[in-house]
Each structure stands twice: as structure tokens, then as C-alpha cells.
Amino acid sequence: MRNIAGIDIASRKFDYRIINDNGASLSRGSCEMNLDGFSSFLRTVPEDTVFVMESTGRYHKNLCHFLIGKGFSVCIENPMMIRNYVKSTTLRKTKTDSADALSIARYGLANYDRLSREKRVMDDEVRSIARRRQEVAEDIARAKTQLKSDLALAWPEILAVDVLTSSMLSFLSSFASPDEVLAADDAELMHALIKEKGRYLSISVEDIKGYAIG
């Protein structure tokens, strides 16, 4: 037996209706859109429950990630698909959050097989993205280690400062060795030390030259 939880998302709260695979209502309620509300909600949820909610741009994401982190299956659906389903199955004109949550739950039940297939595809894509993200993180870590190793040979004195900040990396892309620093004039060095919005690094031209002299 599977249960479907339809969730109607708002900016500060969400309403839910849980039905079983026969469409019978099991529970309903409203919770705050925060960690306490999420935890309170879970205490009302049967184990074998699939969650269905509309994509709201950003409001649904915190609850979605919370539920996935707890090991639940979550299906995010296009609001237009649910709206068209409601129009085709009911003549109701009154709009309430609880009724919307029930409509989402019924939509999830009616489209359970399709949503499950799409979710498996999405899960595969998410896992692929997660793997790629990990690979990129490892590549970045290796690049940072290699940069420090190279500087330890070419310009060990500069390692007295944090060379891995975005500002210092930008500076080193222009001046990667003591010889390049000493060959430049003060104006060139000062320009390279400018951060975004015209601000300067805490390190001065004199400091840079001092590290270059060694």
C-alpha cells in the first residue's frame, strides 16, 4: 500500500493532505515553512508515503530537500499539469489551500506510475550531477595543491599570504613570479591589486615587492 501526500506550498506555510491508494483521506494540516514545521509534519506522515508538490520556483526547495534528506520520495510537478487535471475532474469553483493540497494528492495518485518513472530518471540525473560536482571539487583541490607546489619552487615568499583567495589568484594570473613583479612599475602592480568595485587588496605594492625581493 502506498500513501500520497499532496502539499500546497506558500512562502511562509504549507498545507497538506495525505490519502491512501484508494483515495481515502488519512490526515490533513498546515505547518510553518521552517525546520520546526517540517519536523512536525513528518510526525504525521506514514512510512510508505510519496510526496507530491508543485514547482514554485524557490519556495518548495527547502521542504523538498528536507524530505529527500530523510529518505522520502518527492515528486515535483508543473503547476499547469495539476491545474489541467483539476479542471478535467471537478467542477468546484471554491479555492482553498486544503482543497488544493487534496487536488495535488489526487493528481499524484492518478499519475503515480508516470511520476515514478520520471522520478527515477531525475534521480539518475541528480546522481550524475552529484558525481560530476564531486569530480570538479577534486579537480579544484588538486589545482590548489599544484599551485602551492609550483609557488613553493618559483616564489616561496608569496606563500606567506593566502594565495588561494580570488583576489590573489587574479593577481598571480598577471604576476606569477618575482621577476615579473620586479619588472613591473608601481602603477601596473597597483592595478593588479584592485579588487572588485575599485577596492584594493590588504596587501600593498611595497609588500608585493618585498615578497619578490625575498
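Colleague: Which side chain does aspartate 15 make a polar contact with?

Modeller: Serine 30. The two side chains are joined by a polar contact of 3.4 Å. Keep in mind that this is a predicted model.

Colleague: Where is aspartate 15, and is it buried or exposed?

Modeller: You'll find aspartate 15 in strand 2, which covers residues 13-20. Aspartate 15 is buried: its relative accessible area is 9%, and the cut-off for buried is under 20%.

Colleague: OK, zooming out. How many helices and strands does the protein chain have?

Modeller: 9 helices and 5 strands. Along the sequence, the pattern reads β-β-β-α-β-α-β-α-α-α-α-α-α-α.

Colleague: And how much of the protein chain is buried?

Modeller: Of its 214 residues, 36% are buried. As for contacts with a separation of 6 or more, 48% of them are between residues 24 or more positions apart.

Colleague: What holds paired strands together, in general?

Modeller: Backbone hydrogen bonds, and the pairing can be parallel or antiparallel.

Colleague: So how does strand 1 run against strand 2, parallel or antiparallel?

Modeller: Antiparallel, with 7 bridges between strand 1 and strand 2. One of the pairs there is isoleucine 7 with tyrosine 16 in strand 2. The link from strand 1 to strand 2 is a hairpin through 3 residues.

Colleague: And against strand 4? How many bridges are there from strand 1?

Modeller: There are 5 bridges, and strands 1 and 4 run parallel. Isoleucine 4 stands opposite valine 50 in strand 4, and glycine 6 stands opposite valine 52.

Colleague: How many residues of strand 1 are buried?

Modeller: 7 of the 7, so strand 1 is largely enclosed by the rest of the structure.

Colleague: Which ones point which way?

Modeller: Asn3, Ala5, Ile7 and Ile9 point one way, while Ile4, Gly6 and Asp8 point the other, and all are buried. In a regular strand, side chains alternate between the two faces of the sheet.

Colleague: New topic: the nonpolar core. How many residues are in the largest one?

Modeller: The largest nonpolar core has 20 residues, and those with the most contacts inside it are Ile7, Phe14, Phe41, Phe51, Met53, Leu63 and Leu67. At least two residues each come from strand 1 (3-9), strand 2, helix 1 (35-42), strand 4 (49-54) and helix 2 (61-69). Helix 2 gives the largest share of this core, 4 residues.

Colleague: Take phenylalanine 51. What does it touch?

Modeller: Leaving out residues up to four places away in sequence, phenylalanine 51 touches Ala5, Ile7, Phe41, Leu42, Val45, Leu67, Phe72, Ser73, Val74 and Cys75. There's also a second, separate core of 18 residues, which includes Val163, Val181, Leu193 and Val205.

Colleague: What about helix 6? Which residues are buried there?

Modeller: Helix 6 (residues 166-174) has Ser167, Met168, Phe171 and Leu172 buried. Seen down the helix axis, they fall within an arc of 130°, so they line one face of helix 6. Ser166 and Ser173, on the other side, are exposed.

Colleague: Last one: where is alanine 24?

Modeller: In the loop between strand 2 and strand 3. Alanine 24 is partly exposed, at a relative accessible area of 35%. Beyond its neighbours within four places in sequence, alanine 24 is in contact with Ile18 and Ile19. From alanine 24 to arginine 106 is 82 residues in sequence and 9.8 Å in space, C-alpha to C-alpha.

Conventions:
Residues are numbered from 1 along each chain as its sequence is written. This is a predicted model: local features need pLDDT of at least 70, side-chain atom pairs count only at pLDDT 80 or more; totals for chains, interfaces and linings use all residues. Side-chain values use heavy atoms; hydrogens and water are left out. Buried means under 20% relative accessible area, exposed over 50%, partly exposed in between (1.4 Å probe, protein chains only). A polar contact is a pair of N or O atoms within 3.5 Å; within protein, one must be able to donate a hydrogen and the other to accept it, and residues adjacent in sequence count only if both atoms are side-chain atoms. A nonpolar core is a set of buried Ala, Val, Leu, Ile, Met, Phe, Trp, Tyr and Cys residues joined through side-chain atoms within 4.5 Å. Contact means heavy atoms within 4.5 Å. Two strands pair if DSSP finds at least two bridges between them. The arc is that of the directions from the helix axis to the C-beta atoms.
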